[in-house]
Amino acid sequence: MSINVLGYAAQTPTDDLTPYHFARREPRPDDVVIEVLYCGACHSDLHSVRNDWGNAMYPLVPGHEIIGRVLAVGTAVTGFKVGDSVGVGCMVDSCQHCDACEHGLEQYCEEGSTYTYNAFDRHDKSLTFGGYSEKIVVSDKFVLKIPAGLDLAGAAPLLCAGITTWSPLRHWKVGQHSKVAVVGLGGLGHMALKLGKALGSHMTLFTRSPDKEQDARDLGADQIVLSTDAAQMAAVKGQFDLIIDTVPYVHDINPYIPSLSIDGTLVLVGYLGGLDPILNTVPLIMARKSVAGSLIGGIAETQEMLDFCGEHKITSDIEIIKMQDINTAYERMLKSDVKYRFVIDMASLKNEK
Ligand code: NAP
Ligand code: ZN
């Protein structure tokens with residue numbers, strides 16, 4: 001039997017999110033039925049709702065930073081039991097047999113991974129709906145274990161903001177002798193500072209917002225550079241092995257390239273699309289620098305990050321909101337007025353029943 005749930009959906013790119021009743025599929029043998037307790041509000045939710053990427057399908061129920069409790073498991077599920085604290089991130093399925101999937105890179109699945117929302121289920125072709133809802137049904141291969149002792153609300157953003165910054169830190173082998181910079185102090189940026197610091201790296205924040213300096217230090221930044229100040233930008237020439245750029249909108253990356261060391265990499269995780277103004281290749285060629293991109297992280301890597309956060313007691317700095325506050329939260333997110341992630345308490349949905 002399918003499962004009736006209440007969520008919040010966008011019906012068009014311009015309307016507010018409003019209550020929406022829909023059905024989750026009848027669990028398959030490998031499915032885990034999860035009561036959603038908390039769901040982070042990622043800037044990607046906002047991009048999706050407003051159709052910034054041109055691929056939105058409505059009704060659109062966002063949410064891919066999901067923390068919940070297992071309500072039931074299918075007959076083939078052995079890794080989870082009723083009552084477990086679990087997480088679900090940006091993906092709920094992938095082909096499971098291509099080269100990428102076999103190497104734990106489900107996010108780069110050659111057939112395309114199935115996103116948690118705004119995608120079609122690979123088996124029944126139904127539209128996927130995300131975590132702004134009471135319950136979700138997910139294949140066990142895409143369910144994560146939440147380490148005991150982590151605050152569940154604060155752990156929600158690890159499922160996207162955490163893994164999206166962890167993956168480049170690991171891919172570019174960041175450790176004790178690394179110098180890493182982060183562009184933009186928002187959901188992703190603050191997790192990058194925390195995770196990079198816990199890996200032992202020297203951390204720098206590039207920000208447009210002078211008032212974020214103290215917060216950045218508290219989050220682990222050793223150095224803060226105001227990106228609008230040419231003298232401060234010039235002072236960090238040649239410093240960084242890795243720059244993680246989290247800015248969500250088109251921006252000029254040329255000013256950051258001189259601050260990379262020889263062989264340094266600037267990895268874009270925020271903005272999707274054409275760069276403007278165009279990228280000057282001279283400083284890249286003159287010091288073998290790279291500009292790269294990175295998408296979330298694989299399932300095993302996400303579990304690795306969660307376990308690391310469990311050991312190091314790392315969670316996100318959050319502001320808990322009610323589901324009914326999501327539209328104002330989006331407006332605040334657009335003004336960078338969030339410290340540093342909104343997390344929806346799904347208990348607030350019970351008031352609507
Ligand atoms: P967020 O919380 O809104 O933070 C973005 C930060 O970027 C802001 O706090 C601000 O920091 C800076 N910023 C915002 N607008 C800017 C502009 N026009 N120019 C320069 N800086 C600007 O967003 P988020 O949730 O961290 O998400 C960041 C981006 O990553 C989004 O585009 C999201 O879609 C994307 N994303 C990508 C992946 C992936 O797998 N690659 C995964 C999740 C999210 P300052 O005030 O410090 O300058
Ligand atoms: Zn996200």
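L17 counts as buried because its relative accessibility is 2%, where buried means under 20% relative accessible area, exposed over 50% and partly exposed in between (1.4 Å probe, protein chains only). The residue belongs to a predicted model, in which local features need pLDDT of at least 70, side-chain atom pairs count only at pLDDT 80 or more, and totals for chains, interfaces and linings use all residues. Residues are numbered from 1 along each chain as its sequence is written, chains are lettered from A and ligands numbered from 1 in the order in which they are written, and side-chain values use heavy atoms, with hydrogens and water left out.

**Surroundings of L17**

- L17 sits in the loop between β1 (3–9) and β2 (18–24); helices (H or I, at least four residues) and strands (E, at least two) are DSSP runs, numbered from the N terminus.
- Not counting residues up to four places away in sequence, L17 touches Y8, A9, A10, V49, P62, Y132, I326, N327 and Y330, a contact being heavy atoms within 4.5 Å.
- From C-alpha to C-alpha, L17 lies 9.6 Å from G7, and the two are 10 residues apart in sequence.

**Whole chain**

- The protein chain contains 10 helices and 17 strands.
- Its radius of gyration is 20 Å, which agrees with the value near 20 Å for a compact globule of 353 residues; the radius is taken over C-alpha atoms, and the globule rule is 2.2 Å times the number of residues to the power 0.38.
- Along the principal axes, the C-alpha atoms of the protein chain fill a box of roughly 60 × 40 × 40 Å.
- Buried residues make up 56% of the 353 in the protein chain.
- Among contacts in the protein chain with a separation of 6 or more, 67% are between residues 24 or more positions apart.
- The protein chain has an accessible surface of about 14,900 Å², and carbon and sulfur atoms hold 53% of that area; areas come from the Shrake-Rupley method with a 1.4 Å probe, and for residues only the protein chains shown count as cover.
- The protein chain carries 30 positive and 43 negative charges, whose mean positions are 3 Å apart.
- In that tally Lys and Arg count as positive and Asp and Glu as negative, while His and the chain ends are not counted; each charge is placed at NZ of Lys, CZ of Arg, CG of Asp or CD of Glu.

**Zinc site**

- The zinc ion (ligand 2) has C42 (SG), H64 (NE2) and C160 (SG) as protein donors, at 2.0 to 2.2 Å.
- Donors are N, O and S atoms within 2.8 Å of the metal (3.2 Å for Na, K and Ca); water is not among the atoms, so sites may look incomplete.
- Along the chain, the donors of the zinc ion (ligand 2) have the spacing C-x21-H-x95-C.
- Distant parts of the chain are linked by the pair H64, in the loop between α1 (43–49) and β4 (66–73), and C160, in the loop between α3 (152–155) and α4 (161–171), 96 residues apart.
- H64 and C160 are both buried.

**Loop between α1 and β4**

- M57 is in the loop between α1 and β4, and it counts as partly exposed because its relative accessibility is 24%.
- M57 touches N118, A119, F120 and L127, leaving aside residues up to four places away in sequence.
- M57 and L71 are 14 residues apart along the chain, with their C-alpha atoms separated by 29 Å.
- D52 is found in the loop between α1 and β4 and is partly exposed, with a relative accessible area of 40%.
- With residues up to four places away in sequence not counted, D52 touches H47 and Y249.
- D52 and P13 are 39 residues apart along the chain, and 8.7 Å separates their C-alpha atoms.
- P59 is also placed in the loop between α1 and β4, and the peptide bond from Y58 to P59 is cis, with omega near -5°.

**Other backbone features**

- The peptide bond joining K339 and Y340 is cis, with omega about -15°; Y340 lies in the loop between α10 (326–334) and β17 (341–345).
- K173, in the loop between α4 and β10 (179–183), has a positive phi of about 55° although it is not a glycine.
- K173 counts as exposed because its relative accessibility is 68%.
- R288, in the loop between α8 (282–285) and β15 (290–293), has a positive phi near 50° and is a residue other than glycine.
- R288 is exposed, its relative accessible area being 60%.
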